[in-house]
Structures are given as structure tokens and as C-alpha cells.
Amino acid sequence: KPKETIEVSLNVAIQYLAFTNNQGKMVLESGDFELQVGDSSDKIFLRDTVQIGFQDTTYQVKETVLDTMNSCGEAVITVKGIVRDTQATPIQGVNIFSTLQKKILVVTDKDGKYANVVLGHDSIDHVVNSPEPFLSTTIGRYGNRIAKGKFTLYGEEHELTINNGPNSLHGGPTGFHARVWDADQLAENIIQFNYVSADGEEGFPGNLEVEMVYRLEEEENALVIEYRATTDKATVVNLTNHGFFNLAGISNPTPTIENNIVTINANFYTPIDEVSIPTGEVAKVEGTPMDFTTPHTVGERINDKFQQLINGAGYDHCYVLNKIETGSLDLAATCFEPNSGRTMEVYTTEAGVQLYTGNWLNGFEGAHGATFPARSAICFEAQCFPDTPNKPHFPSATLLPGDEYQQVTIYKFGVEK
């Protein structure tokens, strides 16, 4: 019942925080928990706070987890508790809001049925060991690829970790997707994340202070992501959210997205070579399978014998967005899943959006027993162009001391009946 409080004692395994004791063993003890159910307006929300206290220090993690569905489509619980181990030393804390791994997006279809439309995992162990390390994560310090893991900035060469063939991808193997972010719930619908990326982390110069805010706008059915960043040394920055979406809803197996009808507000794209690095050309989409200026299903041309689709094993390309002006918040793409009727619109201030069609998903298991075969997700990654640090004619991704990196990206959901 709404606003009813039930006192319970739970013996639970908390998977979101990992500690090691002075013998190097993993330890985590659970205490008594308070279970609450509450409502706000006509929706029930889940809030989950775990406080970890030891050695006169308290660590707090806030997270939201969908538990079961009620007749209105959502059911939520609140869990609060204390976990202590006097010999433990914190080595890793994973806040689920720093990714979409555990923060599931539940969207209604044309018949009023709800489904999770984001691919993710159930536990931190599965996240850490995922065959797809970037599954629905925040990406930085540089989203997409940098050729040969090298770039020169103001005469100084910087070498990055190689993690994708001969290239650096998505900030390296321990990029922002693998880092612990501080989190603060500013309001019921707003979470702010902060992370300081140290000078030299994965080879990138400068201490980069990043602020990222997730905001759910209920009236607009939208997830708004706002980024800000500053540096104490010249560096490159290209942040993005790598949400793997399936508007039909995840399942076992999760269906292909080849029936999704897509438009992209771009007359040009950046062709890639055989290792997915931009050739430097900015090419017209007109007359090619890359053209989504008018609606097309993903699967209509994805297997064409077109060299760009061969190079990417499908769509894995950056589109040069048609902008009203530099930095303006404009419609970038739309996606419609005809069986469910669900729609998604993507708006961004960025110059480009990477269309990726889950070409390398291989059927591994994810959240709630769902499996993710090839092409069971579609990604619209708002970003600078790939390999910009080595392509001086591309719009700059350089951030200088005294300047501020800013980005706004919006994922807006709807239904067509």
C-alpha cells in the first residue's frame, strides 16, 4: 500500500559494492534493512540507499532498481541499511546511475504494456566481465576511435592504450565506462554524477573534472543528459552515452532491430577504412545505403555489398548532423519499432551521431535472463567525429584551461498506434 512502512530483516548479497580486507579477500556483510513502499502522484517510484560505514568513514550509494510490475506498469521498493566490516578497505564502488546497465528504462507500447528498452546486466560481476564492456555506459575521455592510439596536441605526442585492433576505442579499457562516479540525487527525477579523470589516465593529458546530470522529464517522456567538463591542461574531450536500445523490449532472445524505421538528420557522413578509422573524407549520403534523410528500415540495405557496410560489418558510422548553428540543440535521429509502436527521438548539441547496429553482439546473457544476439540493439551516440585529434579539418575536440566543455543530449520516447 502507498506510504506503508514495513520493518524487515534481510540477509542479502549486495552486488553493487566490492571491498577487500587486509588479506586481499572480498568481504561484504549485510545488516538490517528497512523496506518501504511509497507513491508520488499516480506513479510509484523506487529509491534505494545503501550506506557503508567503517573506520569512521561513511560511503553512500543511491540507486534505483525496478523490482516487479503493478497494474499501472511500475512497482518499486525502498531499501535502506548499514553494511560494516572494520577491516575492509574500499577498492571499488559502482554507482548504477553512472551507466544505464542497471537503471532500466521502462516504456509503454501501443497496447499499454511496459518493457525495458535498454540492454544491460543484473549484477556488477556481469558488468565487469561483460563480453561487451561498453554496454549502455558513459564513454570518455574520448568516445569512438583514435587511430593507432596516438595524437599530437600543441607539439606534444600522447600515446593511448590500444584496445580495438590497432586503435584506441572509447577512452581505453579503463575509460569512463569502468570508473566509479560520485553521485548525488538532486531531486526525485535528477541525479548528478561527478568524476575527476587524472592527468595521464589512459594516456590523456590534464586533470579533467566532469559533471554529468541525468534528468527524467515526465511530461516529455524524455531522458536528458547534460555534460560539463573543465581541464587544467590542454586535452581532448569527446563524451557520449552508449545506450544500446531495443524498442521492442529485451527478451530471450532479444529481437533484431532490423525492422526499426530510422531517420537521421544528416546529408553527410565520415567514411571509414578497414579498421573503422575515418578516411578524412566527408561524403554525401545521397544515393548510398547510408542515406537515412528519409525513413528506411535498418535491415533494408544493411547487407548490401557496399564497401562502407562491409568495413563496419553493418552500420557503425558517424553522421555529420545538419545543424541550425554550432552547438544548437537539434533533432538528430528518430527510431520507430512497428510491432510495439514505440518511438524514440534523439536531440543533441553535438556535431555528429554514431549509428551502431549491434553488429558485434554475440548472444550473451544480460538482465533478467535476456540474451543479446547480433543486431539486437541500435545506438545513437552523440559525439564529435572519430579520430578528430588526428584530423585537423574536423571540428575541434580540444579543451583548454579556462574553457568549459558542454553537451546536452535527449532521448525522447513515445508511441504510435
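Visitor: Which residues is Ile-264 in contact with, leaving aside its neighbours within four places in sequence?
Guide: Contact here means heavy atoms within 4.5 Å. This is a predicted model, where local features need pLDDT of at least 70, side-chain atom pairs count only at pLDDT 80 or more, and totals for chains, interfaces and linings use all residues. Residues are numbered from 1 along each chain as its sequence is written, and side-chain values use heavy atoms, with hydrogens and water left out. On that basis, the contacts of Ile-264 are Phe-292, Thr-293, Tyr-319, Leu-321, Ala-332, Ala-333, Val-353 and Leu-355.

Visitor: How many residues does the largest nonpolar core have?
Guide: A nonpolar core is a set of buried Ala, Val, Leu, Ile, Met, Phe, Trp, Tyr and Cys residues joined through side-chain atoms within 4.5 Å; buried means under 20% relative accessible area, exposed over 50%, and partly exposed in between, with a 1.4 Å probe and protein chains only. Ile-264, Tyr-315, Tyr-319, Ile-378, Phe-380 and Phe-413 have the most contacts inside the largest core. A second, separate core of 12 residues includes Leu-361, Ala-367, Ala-370 and Ala-377. The largest core has 49 residues.

Visitor: Why is the pair of Phe-176 and Trp-181 given its class, and what is that class?
Guide: Rings of Phe, Tyr and Trp (its six-membered ring) pair if their centres lie within 6.5 Å; planes under 30 degrees apart count as stacked, over 60 as edge-to-face and the rest as tilted. The search of the whole structure finds 12 aromatic pairs. In this one the ring centres are 5.9 Å apart and the planes are at 85 degrees, so the class is edge-to-face.

Visitor: Which ring does the charged end of Arg-301 sit over?
Guide: A charge sits over a ring if NZ of Lys or CZ of Arg is within 6 Å of the ring centre and within 35 degrees of the ring normal. The charged end of Arg-301 is 5.0 Å from the centre of the ring in question, which belongs to Phe-292.

Visitor: Which strands stand at the edges of the open sheet of nine strands?
Guide: Helices (H or I, at least four residues) and strands (E, at least two) are DSSP runs numbered from the N terminus, and two strands pair if DSSP finds at least two bridges between them. The order is β17-β18-β19-β20-β35-β29-β28-β23-β26, with antiparallel pairing. Each edge strand has a single partner, so one side of each is left without a neighbour in the sheet; these strands are β17 (182-187) and β26 (296-297).

Visitor: What is the bridge partner of Phe-268 in β27?
Guide: Strand β24 (residues 266-270) runs antiparallel to β27 (residues 316-321), and four bridges join them. β24 is also joined to β25 (residues 283-284) by two bridges, and there Phe-268 stands opposite Lys-284. In β27, the partner of Phe-268 is Val-320.

Visitor: Is Tyr-154 buried or exposed?
Guide: Tyr-154 lies in the loop between β14 (150-153) and β15 (156-159). Its phi is near 50 degrees, a positive value in a residue other than glycine. With a relative accessibility of 63%, Tyr-154 is exposed.
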